[in-house]
Amino acid sequence: QITIGLYEYVVGSLPLPVKIIAGATGFRGSKKRGLSLLEQVAKEGRWSQDDAKTVLVLLYTREKRFADVLKLTRELSAKYPRNYLLRLETADALVSLAGVKRKENDVPGAVQAEKEAFATFDELLRDRNVRDSAARALDLIHFKYGEALLMAGYHDRAAKEFMLATRVD
């Protein structure tokens, strides 16, 4: 089901000229149907629920459905606390959500999302389990944190995180 859902989504996402050619050769798909199949597996699947949720995180991010991304990454992070990538995705989704809220002139909502993102980055950098499992990825965490700080206008703090990224072996 995951493969079929992903196939449906990808074919449904093709640009119109490519989709027409693909349709003429027998390839058809629908983004909506693909997401629906993946959501069904994520909800009702036996052995592949978490796989479907992981794929949905990527697709929801692409669709700018950041609230849905947060729901899934928080759920998966609770289940897999040593997986720093899930928490990094949570922080990224919070930063993106803050950007959306700023465009909507929801400054308090944007500030809250940024604070939560910064707290997630800080927690990632302090967590011993993460440091053990992500020792080679600390530069990525510092860099992503720097990007988030830069987008929020904290240039000095962002520069420090970027510099810390360069010091990781």
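Because the model is predicted, local features are described at pLDDT of at least 70 and side-chain atom pairs at pLDDT 80 or more, whereas totals for chains, interfaces and linings use all residues. Residues are numbered from 1 along each chain as its sequence is written, and side-chain values use heavy atoms, with hydrogens and water left out.

**Stop 1: helices α1 and α3**

Select residues 2-13, which form helix α1, together with residues 31-44, which form helix α3; helices here are DSSP runs of H or I with at least four residues, strands are runs of E with at least two, and the numbering starts from the N terminus. The two axes come within 7 Å and cross at roughly 160°, where an axis is a line fitted to C-alpha atoms, for helices over the stretch in contact, and the angle runs from 0 to 180 degrees between N-to-C directions. The helices α1 and α3 are therefore roughly antiparallel, a term that applies to angles over 145 degrees, while under 35 counts as roughly parallel, 65 to 115 as roughly perpendicular and the rest as oblique.

To see the contact (heavy atoms within 4.5 Å), show the side chains of I2, I4, G5, L6, E8, Y9, G12 and S13 on α1, and of K31, R33, G34, L35, L37, L38 and V41 on α3. These residues divide into 8 nonpolar, 4 polar and 3 charged, where Ala, Val, Leu, Ile, Met, Phe, Trp, Tyr, Cys and Pro count as nonpolar, Asp, Glu, Lys and Arg as charged, and the others, Gly among them, as polar.

While helix α3 is still selected, pick out S36, which lies in this helix and is partly exposed at 40% relative accessibility; buried means under 20% relative accessible area, exposed over 50%, and partly exposed in between, with a 1.4 Å probe and protein chains only. A distance drawn from S36 to E104, C-alpha to C-alpha, spans 28 Å, and the two are 68 residues apart in sequence.

**Stop 2: helices α6 and α9**

Next select helix α6, residues 84-103, and helix α9, residues 138-151. Their axes are 10 Å apart and the packing angle is about 10°, which makes α6 roughly parallel to α9. The contact is made by Y84, L88, D92 and V95 of α6 and by L140, I141, K144, A148 and M151 of α9, a set that divides into 7 nonpolar, no polar and 2 charged residues.

Centre the view on A148 in helix α9, which is buried with a relative accessible area of 5%. Leaving aside residues up to four places away in sequence, A148 touches V95, F118 and F121. The C-alpha atoms of A148 and F121 are separated by 9.4 Å, although the residues are 27 apart along the chain.

**Stop 3**

Rings of Phe, Tyr and Trp (its six-membered ring) pair if their centres lie within 6.5 Å, with planes under 30 degrees apart counted as stacked, over 60 as edge-to-face and the rest as tilted. By this rule there are 4 aromatic pairs.

F118 and Y145 form a tilted pair, 6.1 Å centre to centre with 45° between the planes. The pair joins helix α7 (residues 107-126), which holds F118, to helix α9, which holds Y145, across 27 residues of the chain. Both partners are buried, F118 with a relative accessible area of 7% and Y145 at 2%. The rings of F118 and Y154 have centres 5.8 Å apart and planes at 80°, so this pair is edge-to-face. Here the link runs from helix α7 to the loop between α9 and α10 (155-166), where Y154 is found, 36 residues from F118. Y154 is partly exposed, at 39% relative accessibility.

**Stop 4: two loop residues**

Finally, select K64 in the loop between α4 (49-62) and α5 (66-79), and N105 in the loop between α6 and α7. K64 is not a glycine, yet has a positive phi of about 60°, and it is exposed at 62% relative accessibility. N105, also not a glycine, has a positive phi of about 60° and is exposed, with a relative accessible area of 66%.
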